[in-house]
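Subject: Structure handover and findings

Hello,

Please find the structure below. My notes come after it.

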Amino acid sequence: LCGPFSQSHSTMNGREASQSSLTAAGRMLASPNSKSDPFYGTSNQQYSPQWQAGNDVPPISQVLARKPRVHQPLRVEADMDRYSQLKTLADTVKACTADPVISAHVLPRKFPAASGTIRYPTVAKRGVDNPLYQTNSSKYGVEVPLDHQLPDRYFGRACNFSKSYTDSGPRYTGLQTAATPSNVHPAFDRYS
């Protein structure tokens with residue numbers, strides 16, 4: 001080493017020099033293996049089995065009592081008897097809604113079909129009852145599903161946003177190059 005720290009470094013014996021290092025600021029740091037230096041220490045070294053909370057830790061009831069209470073915002077309370085259509089709409093939505101599921105971000109809907117209401121049409125093909133001509137696909141729908149085989153709820157889409165469009169057909173979005181004829185006189189035709 002050269003410079004102002006070379007004297008202090010040369011006065012140490014070899015063992016002290018190997019255990020400590022000298023920085024540019026002139027500060028002595030402990031070796032990386034030393035547990036006393038906070039630079040090389042981990043955060044878990046500060047904990048020990050003898051650590052206990054003192055009497056200055058308040059119980060959770062006092063902590064929650066100090067928390068400022070946020071008042072719920074005021075909501076408009078409307079008499080729904082005056083709005084019969086909205087009330088019937090809200091009642092039908094509530095009747096179709098199933099119990100909430102913790103892992104789902106939307107409310108599920110009740111499955112619309114019950115096992116007692118499901119009826120399959122009879123197959124009009126010739127030779128359906130003949131076991132020689134039966135296939136695996138013809139076994140579907142032989143038995144009506146029971147209650148435990150149907151789901152209780154499902155997460156279907158109502159598509160309310162798409163149904164709210166007033167335009168039922170697609171609009172023409174292409175380039176129109178023909179002249180727009182005037183109802184009054186051909187001199188008033190538009191070419192724009």
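The notes below run from the overall fold to single residues.

This is a predicted model, in which local features need pLDDT of at least 70, side-chain atom pairs count only at pLDDT 80 or more, and totals for chains, interfaces and linings use all residues. Residues are numbered from 1 along each chain as its sequence is written, and side-chain values use heavy atoms, with hydrogens and water left out.

Overall layout

The chain holds five helices and four strands. Helices (H or I, at least four residues) and strands (E, at least two) are DSSP runs, numbered from the N terminus. Along the sequence the order is α-α-β-β-α-α-β-β-α.

Of the 192 residues, 4% are buried. Buried means under 20% relative accessible area, exposed means over 50%, and partly exposed is in between (1.4 Å probe, protein chains only). The chain exposes about 18,900 Å². Carbon and sulfur atoms supply 55% of that area. Accessible areas come from the Shrake-Rupley method with a 1.4 Å probe; for residues, only the protein chains shown count as cover.

Now contacts, meaning heavy atoms within 4.5 Å. Take those in the chain with a separation of 6 or more: 37% of them join residues 24 or more positions apart.

Salt bridge

Side chains of opposite charge can pair when their charged atoms come close. The rule here asks for a side-chain nitrogen of Lys or Arg within 4 Å of a carboxyl oxygen of Asp or Glu. The count is one salt bridge. Aspartate 81 and lysine 87 form it through their side chains, at 3.3 Å from N to O. Aspartate 81 counts as exposed because its relative accessibility is 56%. Lysine 87 is at 36%, so it counts as partly exposed.

Nonpolar surface patch

Met80, Tyr83, Leu86, Leu89 and Val93 make up a nonpolar patch on the surface. Together they have about 460 Å² of accessible area. Patches are made of residues with over 30% relative accessible area and no salt bridge; like charges are joined within 9 Å, and nonpolar side chains (Val, Leu, Ile, Met, Phe, Trp, Tyr) within 5 Å. One of the patch residues, tyrosine 83, sits in the loop between α3 (60-66) and α4 (84-96). Tyrosine 83 has 37% relative accessibility, so it is partly exposed.

Setting aside residues up to four places away in sequence, tyrosine 154 touches Pro108, Arg109, Lys110, Phe111 and Pro112.

Cysteines

How many disulfides are there? The count is zero, where a disulfide is a pair of cysteine sulfur atoms within 2.5 Å. Cysteine 96 counts as partly exposed because its relative accessibility is 37%. Cysteine 159, at 41%, is also partly exposed.

The segment after α5

Alanine 179 lies in the segment after α5 (160-163). Its relative accessibility is 33%, so alanine 179 is partly exposed. Residues up to four places away aside, alanine 179 touches Arg190 and Tyr191. Alanine 179 and tyrosine 191 are 12 residues apart in sequence, and their C-alpha atoms are 4.8 Å apart in space.

Aspartate 189 is in the segment after α5 too. Aspartate 189 is partly exposed, at 24% relative accessible area. Beyond neighbours within four places in sequence, aspartate 189 is in contact with Thr180, Pro181 and Ser182. Between aspartate 189 and alanine 179, 10 residues apart along the chain, the C-alpha separation is 6.6 Å.

Best regards
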